[in-house]
Structure formats: structure tokens, C-alpha cells
Amino acid sequence: MTSRTRTLARSAAVLLALTALAALTACTSGTAATKDTSVAASSTTLRAAAGKFGLKVGVAVNTDRLDDPAYAQLTGDEFSTVTPENAMKWGLVEPTEGTYDWTAADKLVAFAQAHGQLVRGHNLVWYQQLPTWLTDAAPKMSAAQLSAILKAHITAEVTHFKGEIWQWDVVNEAFDDNGELRNDIWLEKLGPGYIADAFRWAHEADPAAKLFLNDYGIEDAGIKASAEYAFVQDLKSQGVPIDGVGFETHLDATYAAPDLETQLAKFAGLGLDVAVTEADVRDQLPVSKADVATQSDIFAQTMQACVDVPQCISYTVWDLDDKDSWIPQTFSGEGAATLYDDSLKPKPQFTAVQKVLVKAEKSAPQRSK
Ligand code: XIL
């Protein structure tokens, strides 16, 4: 093959792939797309269906995109709770020590209030997205210094939003996959007690907010979930003000989290609320039609798991649409993890979740207020 014929062959292959992708997109846009040719709320919104039995359905919001009317409309119409995808994280709210910038987070809270939505505050303590002034200085700090900084941060943030946050993810991803507490700056300097302290400080600043420990991988009945369960049980027995456990539920087309319902019920058995906090189902791109069906089934199963456990008070998807999803930057070659495609058309995954909620309207256990 000459270089020219190679180029032509390549162009033809690209064209074919694009045509196939277009056809796939058209067909995967599904039944909802035939009704909603423009961006509009579905005939039965997720929030209305889930609201019949008191379940909140949420979405992680990129606050920059709230300026896009189509993005804002779907966010407001379909969901009854919002989580800032990044806007409340430490590195964003306190880029310089002691100087807070609440602009983006306040914008989301105002949006939520205008749309009758509750807010999941995310997050107060994590090992990622910390400001560099902190990560640079932390290794040289004494435990007392770092502890004072942690307390000041939690108190300032929770106080700023006092009365406006329904659930706070107080500590995020505190456990490693091996079932040990994550060996991050917090554990290294402060020991395991930093977690109980964080909950106590958050509770002092806003006694009405529901305080959550949030993690990934606890959807599985494995070593990590067992360790985290024992840890939470211990927090409860010490009287630490913890109200709930968040199950991130980042899944993929080859992994459906079959233990999710059992795990939600198990943690709820400790007298806690539980929540699905960051649901998404990714796949290798481009996604085959068969995989779209699998992703839809997995989304439906996770929603069903939450619906069936009365203490599961909210189900949040992580990012509204595929264009905005964190997956392509994080998992190479993967994407298509959300309920809406790049042009904000609902995908079969949306219809699958909606169907579970509509079916549950009459039979699902009512959530207590
Ligand atoms: C992700 C955001 O979606 C990205 O935009 C950001 O670059 C990194 O963080 N678990 C969490 C979330 O608890 O805060 C993460 O969000 C996704 C994994």
C-alpha cells in the first residue's frame, strides 16, 4: 500500500467509524429522545417520581455550566438535590490560607434554593484537591498545628453554609482498598482520631446538618467494606455525631455491584442513613449497543437497591452528561458514564432509572422526613 492509499484507507475507516457512532448515538438516544427533541424535562421527572416516596435524586454540578440554560434547566427540573462536583473542596474554597472564596459554592446553593432542591455538601476532609499552601507545609507541621488548621477549615466552611446543607460528606475516601485507613497527611500526622474530631467539629458548627462518611468500593461485601463497617460501628459506640454513610458507586459495564443492596441495608442497620452519592457506569469508548443495555441495567439495579432500602435517602449521579463527566480524564479510553449524552439528550440509561422510579411510586417504602 502506498502512503496515499494508506491515508485514504485511514480516512475511509474514520468516516465509517463516525457514521457508526452517529447511528449508535441516534439509536441509543432512545425513546425519551423521540419525545424531547429539545432539552426539556422528561414527562415524569426523576424528582417527581422519587418524591412520591420521599427519595431525593441528585446530580453532581459543575457550577461553571450553570450559565448554560439547557444544563441549568435539566439540573433544576429533573433533580431534587445537588452536589457541587468541585466547588466546596478545600483547594477551591481556601486557595490561600485564611482567605475563602465562596463564589462558586454560593452560586450553587442559590440555584438549589431557587429550584426547591437540597444540597449535599462535598467535602470537608479529603486527601485530594487540597491547596498547595497546605500540602507543602503539612510535612513540617506538628500534629497540634495541623489539627488546628483542620478544625479552622471545617468550622469556617460549615459555619458559612449553616442551615443550607442537608448532608455533608465530612470525611471522604478515608479507607484504602486493602481495608486500612488511608495513609494520607491526616492519618500520618493526626492518627485515626482525626475522623471523629472532624465529625465533632462539623456538628458543633451546624447541628442540623446530616454528617456522612463517604467512600467508594464499599458497594462490595469485601475487606474494605468490612473494615469501614467496624470503624463506623466504633464511631457510633463512642457517640461520635455521624448520621450516614455515602456509597459512591462508581461502576463500569463489567461490574454491577451485586452486593449494593445488602451493603446499604447492613450500614443502615447501625442506625444510620445511607445514600448513593456518586453513581456512574463507565465503559470503553466507543460503547457498543450491547454495552449500553448493560450500563442501563446496572444503573437500574443500583437505583432499585436504593429504593428497596428505606434508609437510603438520596441517589446522586456523578455529572449530568457525558461531555462533562470526570471519567475520560481519569480512566483512559473510557467514558459514556452518565444518563445524558454530549448534547444533553437522555440516554437509555436515563429511561432505565426513570422506569425503576415510576414503578416504585406506589410500592416503595416511604422515606421518613
Ligand atoms: C472528581 C471531579 O469530578 C473532577 O472534576 C475532579 O477533577 C476530581 O474529583 N470521588 C469523589 C469526587 O469523591 O470528589 C471526585 O470528583 C470523583 C471521585
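**Exercise 1. The ligand site**

How far does a polar side-chain atom of N86 lie from an oxygen atom of the ligand? Find this distance, then describe the surroundings of the ligand.

*Solution.* Residues are numbered from 1 along each chain as its sequence is written, and side-chain values use heavy atoms, with hydrogens and water left out. The model is predicted: local features need pLDDT of at least 70, side-chain atom pairs count only at pLDDT 80 or more, and totals for chains, interfaces and linings use all residues.

Step 1. The distance from the polar side-chain atom of N86 to the ligand oxygen is 3.0 Å. This falls under the definition of a polar contact, a pair of N or O atoms within 3.5 Å; within protein, one must be able to donate a hydrogen and the other to accept it, and residues adjacent in sequence count only if both atoms are side-chain atoms.

Step 2. For E85, an N or O atom of the side chain is 2.5 Å from an oxygen atom of the ligand. For N172, the corresponding separation is 2.9 Å.

Step 3. The protein buries 81% of the 420 Å² that the ligand exposes when taken alone. Accessible areas come from the Shrake-Rupley method with a 1.4 Å probe; for residues, only the protein chains shown count as cover.

Step 4. There are 13 residues around the ligand, and E85, K89, H122, N172 and E278 come nearest. A residue is near a molecule or strand if one of its heavy atoms lies within 4 Å of it.

Step 5. By class, the shell holds three nonpolar, five polar and five charged residues. Nonpolar covers Ala, Val, Leu, Ile, Met, Phe, Trp, Tyr, Cys and Pro; charged covers Asp, Glu, Lys and Arg; the others, Gly among them, are polar.

**Exercise 2. The disulfide**

Which cysteines form a disulfide, and what is the hand of their link?

*Solution.* Step 1. A search of the whole structure finds one disulfide, a pair of cysteine sulfur atoms within 2.5 Å.

Step 1. The pair is C306 and C312, with sulfur atoms 2.1 Å apart.

Step 2. The angle about the S-S bond is -95 degrees, and the link of C306 and C312 is left-handed.

Step 3. C306 counts as buried because its relative accessibility is 0%. C312 is also buried, at 0%.

**Exercise 3. Backbone in the loops**

Examine P286, D319 and A336: where does each lie?

*Solution.* Step 1. P286 is in the loop between strand 8 (273-284) and helix 13 (289-308). The peptide bond from L285 to P286 is cis, with omega near -10 degrees.

Step 1. D319 is in the loop between strand 9 (312-317) and helix 14 (327-330). Although not a glycine, D319 has a positive phi of about 90 degrees. D319 is buried, with a relative accessible area of 1%.

Step 2. A336 occupies the loop between strand 10 (334-335) and helix 15 (348-363). A336 is not a glycine, yet has a positive phi of about 50 degrees. A336 counts as buried, at 17% relative accessibility.

**Exercise 4. The whole chain**

How many helices and strands does the chain have, and what percentage of its residues is buried?

*Solution.* Step 1. The chain has 15 helices and 10 strands.

Step 1. Of its 369 residues, 53% are buried.

Step 2. The chain exposes about 15400 Å², of which carbon and sulfur atoms supply 56%.

Definitions and conventions
Helices (H or I, at least four residues) and strands (E, at least two) are DSSP runs, numbered from the N terminus. Buried means under 20% relative accessible area, exposed over 50%, partly exposed in between (1.4 Å probe, protein chains only).
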